[in-house]
Amino acid sequence: MVLTSVGKMVGLQKAASGIRNICILAHVDHGKTTLADCLISSNGIISSRLAGKLRYLDSREDEQVRGITMKSSAISLHFVKGDQEYLINLIDSPGHVDFSSEVSTAVRLCDGCIVVVDAVEGVCPQTQAVLRQAWLENIRPVLVINKIDRLIVELKLTPQEAYLHLKNILEQINAVTGTLFTSKVLEERAEKETESESVSDTSPGDQIYDWSTGLEDTDDSHLYFSPEHGNVVFASAIDGWAFGIEHFAKLYSQKIGIKPAVLLKTLWGDYYLNTKAKKIMKGDQSKGKKPLFVQLVLDNIWSLYEAVMKRDKEKIDKIVTSLGLRIGARESRHADPKVQLNAICSQWLPISDAVLSMVCNKIPSPLDITAERVEKLMCVGARTFDSLPPETRELKSAFMKCSSEETAPVIVFVSKMFPVDAKTLPQNKPRPLTQEEIAHRRELAKQRHAEKLAASQGKELSEKPPSEKAPEVFGNAGDTKGEEQQLTGQEDSMTSKAVKQEEDKEYFIAFARVFSGVVKRGQKIFVLGPKYDPAESLHKLSSQCSATDDLPAVPHMTCCTLENLYLLMGRELEDLEEVPAGNVLGIGGLQDFVLKSATLSTSPACPPFTPLNFEATPIVRVAVEPKHPSDMPQLVRGMKLLNQADPCVQVLIQETGEHVLVTAGEVHLQRCLDDLKERFAKVQISVSAPIIPFRETITRPPKVDMVNEEIGKQQKVAVIHQTKEDQNKIPEGVQVDSDGLVTINTPNKQATLSVRAIPLPEEVTRLLEENSDLIRTMEQLNTSLNEDKKTHEINQKTLDRIKEFKEKLEKNLQGRKWRNAVDQIWSFGPRKCGPNILLHNFGGYKRSVWQCLGNSVKEVGKYRDFDNSIVSGFQLATLSGPMCEEPLMGVCFTVEKWEISKAGDRLSNSGQDSGQLGATEHQQDDENTLASSCTDEGPSANEHQDRNLSGTDSPEKMSKHKGESLLADCYGPFSGQLIATMKEACRYALQAKPQRLVAAMYTCEIMATAEVLGRVYAVLSKREGRVLQEEMKEGTDVFIIKAVLPVAESFGFADEIRKRTSGLASPQLVFSHWEIISSDPFWVPTTEEEYLHFGEKADSENQARKYMNAVRKRKGLYVEEKIVEHAEKQRTLSRNK
């Protein structure tokens, strides 16, 4: 029986001080959904007997089958504490690492979170991840230590051991919080120091750096979890009980006669009770006494469990009567002792009271939002709060007030879009008939029945003897019912057809929270995309304009109408007319305006909120195609819907035309494919093997060969196929020096390029990867400087970050060969922000990527028109390397020479090469779309001469060139040749050095018991895994193994480990880093020792070559392999007869 009506909930929504927005966060299988069930049962939405078994918020079928949560879902609960009423918007979130993006969407909408930790397993990888997410979003956590019954029943610990174990867990959790806090304080302090240094010019000798000073001054006591602060609850959700120590403090203050305030401070910690003096003393362990927590709390729970498990009826009755409880006969006679335990504990220590009262006491209401959090939400990217327009900064007060007045601007954040069946929408539910309608239908049915009877009675009188007529009278009542049903059916058939058509359409509801103002149904509102900039739009619009006015088009901003507002009740939705500030709600009708997340506001001055922090990076790719090609349009539509429904998934169409799905892991991939087949596309699909991402790089030449002999010392053996391969690599017309400098001419012989490739140090590659966003910002600033656009004032903080980035690069690039390298950086790649560098090391050229720091130089001279062609060639070369067309990583290309011949040279060359030139021009004219943006658009005389000369060969080209002569020469055929030549030069420079593949790596955490440890290692070594550390968890027989594993080997890894260990070990895989595969993919034995060791064929499997060939096969590139491996083993079948 549902205890609270929707009307009551609507009333509670208006009092913002009584609202608590919370989410439940934890590692997988620590009991989030069971805890949510217990809280829901307190509102009568589900039976308390089913709590933990029903998993009410896991509404998907695959969630119920797998037993894990896969999406965050919300429900509103009513809680009364004393005379104060509270509305608790509870969001349950997944714990599996593949779905950590769903956690981010939940955390953004909340003001606090319940962190659940398993009392046996303690702090796990995802526990740390969710604590970090809560910290980044500035929300307040409270702690529930769950599954304490396992300490009693499974581990069979004594109360004293359990106390030490719980204390240990608390210390671990506080250590994680402490780490986050320390890093924040030190960061802030470093910022303050840099500010003060710029203000005061003190001599550096006066300052002594002491890293701990900032930590000593700041108070962090409120951050940590401690039972005496009231932010820790001990629970067993499956048995339905939980308590905070304040419950026992009140209870014992009456019995012992000690003040509750004193007991609150001493119930947890090294205190014991001196029974003679009736005093609480310190130092329990030194005197061998029981701590208060063990004596007064744990002993009682342990004795209750012992009595119930041993079926000690007398003791149970004694406990029940002393606690003043009433246990039903059904529970007391039940065969399963757990049922009896649940009945006693859920009355004695009800879990919902303990957890919800902690939530109401410790978690802030929407009114108490901190200024720091508001500023963090409003500042996108590198912008600071002070750099926002004044109209935007005024909105901060609206956030802080969280007011529901008519005049307050409406600000709503949509964190995700989720699909629902049309049947579950309130407007499509069958409406119960009123009494009048039922009576009316009954009358109609009776009339029709009477007419039928009258028509058929005449015939029956003549045909049937009178004895058979009697039963007819009694049949009337049944017939009337049948008629009634038939009539109802006819009336409903029309509506059901309409509903059927509606059901085919997938409905999306926005999962949102109102931060300010009142949202009303039918209201018009602005939808602000993530790239929307209020500073630009406020020039076009007035800050007072509303979404109902006729407005000019503004980039990244649209207007929409809020069609429906819903109260989210787990599996149900309830219609609402308006929702005031501080509430979580569902909004219908946004699916054409919002892709994944968005900010909605009635004020154009509102900035888009900062993007969500996603812990997991999508890395697992598969190509998808329909089984029947005619189903392609449905598949494309389905993939669009899937992209909207999942916050983490990415949907791409590759250059090859494949439709690719990028997901966070195997479980996530499986869920996305199931959704695509059964829900969004509703067609049969075939899925490729996972597409594994690799990178290509080069290394320094190795000192030793494959048998650890020093290279150059042994006698070489001629290998025919290797010399062949070397000849194939470098074509004619390309010169390669002994140290890897490649010199190449453009096809029309008008320019010569010399390029060298050098491997970058690991630290530099890592630095470039971490700062890709900053490099992108630099690129945008440089582009606007080159085009002389008036950009908004470059933010000082961004400039400082760029300077710091430059200093770090200079620090890591030291030594003779890197002299002046940082100042010569011309571009980064691929896509102008990747982990590769292009340097210019020839005279007469000045441009670099550091223009935005104020040392911009306008390039004058022969290079200025074509420098972008060189950069474009470099971008293309780094986007697909020579080994298997994968992007490059950690490579530095230096252009050592770039010569463009003079006009006279061109004239003399053109006589000899006119035939070749004409052909090249023809070919390039078709390709002249492939050109990069350029800084200058003045046509040069040289290019015109060249065009006219080549034009003499063919009359039709003359007319073509007349039209083209107005165009800038930087878009002419020569620039296209430069792009192609630069790309080729980079590829040959790469091939002149030892090439290596770089594989993506997962970090893998496995919890396993001692008896299955060997099997876990066997699976890891079979899949090229590398164990980093192995430690035993204190107080348990569980080992934690940390390992790294290539993503390429990870498919089916979790299933294999579970099978081999009979389910006793389960891994958590998280993408970690890129790692060079040490073996050379092109290696063949060349020395006597290698021949002796590896044999002539050297057919022991080369890991790098295996990966490379797999990628080349998938992309349709040439693979050097024998179709028949061992010809001598084949026999014809006819010989065997």
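**Cores, a helix and a sheet in a predicted model**

Trainee: In this predicted model, which residues of the largest nonpolar core touch the most other members?

Mentor: The largest nonpolar core holds 105 residues, and its largest share, seven residues, comes from helix α15 (residues 351-362). A second, separate core of 100 residues includes Ala 74, Ile 152, Ile 169 and Phe 526. Within the largest core, the residues that touch the most other members are Ile 114, Ile 587, Leu 590 and Ile 1006.

Trainee: Which residue of β19 stands opposite Phe 526?

Mentor: Strand β13 (residues 524-528) has four of its five residues buried, and Phe 526 is listed in the second core. On one pairing, β13 runs antiparallel to β14 (residues 557-561) over five bridges, with Val 527 opposite Thr 558. Three bridges join β13 to strand β19 (residues 598-601), also in the antiparallel sense, and there the residue opposite Phe 526 is Ser 601.

Trainee: Why can the buried residues of α26 be said to line one face of the helix?

Mentor: The buried residues of α26 are Thr 798, Leu 799, Ile 802, Phe 805, Lys 806 and Leu 809, and they pack against α24 (762-770), α25 (772-786) and β28 (825-829). On the other side of the helix, Glu 807 and Lys 811 are exposed. Seen down the axis of α26, the buried residues line one face because their directions fall within an arc of 120°.

Trainee: Which strands form the edges of the open four-stranded sheet?

Mentor: The order in this sheet is β21-β22-β20-β23, with antiparallel pairing, and its neighbouring strands are turned by 30° against each other on average when direction is ignored. Strands β20 (residues 620-626) and β22 (residues 659-663) pair over five bridges, with Ala 623 opposite Val 660. The edge strands, each of which pairs on one side only, are β21 (650-653) and β23 (685-687).

Trainee: What angle does the direction of helix α22 make with that of β22?

Mentor: Two helices can be described against this sheet. Helix α21 (residues 632-645) lies across β20, β21, β22 and β23 and runs at about 25° to β22. Helix α22 (residues 666-680) packs on the sheet, touching β20, β22 and β23, and its direction makes with that of β22 an angle of about 135°.

Definitions and conventions: Residues numbered from 1 in each chain as written. Predicted model: local features only at pLDDT ≥ 70, side-chain atom pairs only at ≥ 80, totals over all residues. Heavy atoms only, no water. Buried < 20%, exposed > 50% of the residue type's maximum accessible area, 1.4 Å probe, protein only. Pairing = 2+ DSSP bridges. Core = buried A, V, L, I, M, F, W, Y, C linked by side-chain atoms within 4.5 Å. Arc of directions from axis to C-beta. Contact = heavy atoms within 4.5 Å. Axes fitted to C-alpha atoms, helices over the stretch in contact; angles between N-to-C directions.
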